[in-house]
Amino acid sequence: MIAVKGNTEYTIEEAEKKAYIENGFDIYKDGKKIADGQGKKVSFAEYQKVKEELEKLKAKEANTEEVDKLKTEIAELNTTIETKDEEIAKLNTEIEAKDKEITKLKK
């Protein structure tokens with residue numbers, strides 16, 4: 001483990017960890033911060049919690065943007081469907097008129 005405070009670094013053992021933390025040293029293990037030195041304004045645990053919440057919010061924002069894009073696409077598709085429905089209604093009217101003409105011609 002490594003104890004770090006400012007520009008000072010010490011390689012320490014597990015038994016020394018508590019004393020270094022009490023003296024304001026941050027503790028790192030395998031390159032990752034595992035403990036925050038006392039006297040910090042925000043504890044490492046609180047920092048990690050806030051960082052995780054921020055990442056979740058960013059992911060949610062990205063999802064919201066995707067949902068908005070999909071809603072726009074759905075609205076466009078619904079407009080296309082309405083247009084096609086109108087075209088079908090016109091064609092059905094034409095078919096009915098042609099059917100009436102055919103019926104008259106058969107008589």
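**Salt bridges**

I searched the whole structure, a predicted model, and found four salt bridges (a side-chain nitrogen of Lys or Arg within 4 Å of a carboxyl oxygen of Asp or Glu). I kept in mind that side chains of opposite charge can pair when their charged atoms come close.

I looked at glutamate 14 and found its salt bridge with lysine 17, with the closest N and O atoms 3.7 Å apart. For aspartate 36 and lysine 33, the closest N and O atoms are 3.1 Å apart. Is aspartate 36 buried or exposed? I noted 14% relative accessibility, so aspartate 36 counts as buried (under 20% relative accessible area; exposed is over 50%, partly exposed in between; 1.4 Å probe, protein chains only). Lysine 33, at 24%, counts as partly exposed.

Next I turned to glutamate 87 and lysine 84, whose side chains meet at 3.8 Å, N to O.

Leaving aside neighbours within four places in sequence, I listed contacts (heavy atoms within 4.5 Å) of phenylalanine 25, among them Ala3, Tyr10, Tyr20 and Asp36.

**Notes on method**

I number residues from 1 along each chain as its sequence is written, and side-chain values use heavy atoms, without hydrogens and water. In this predicted model, local features need pLDDT of at least 70 and side-chain atom pairs count only at pLDDT 80 or more, while totals for chains, interfaces and linings use all residues.
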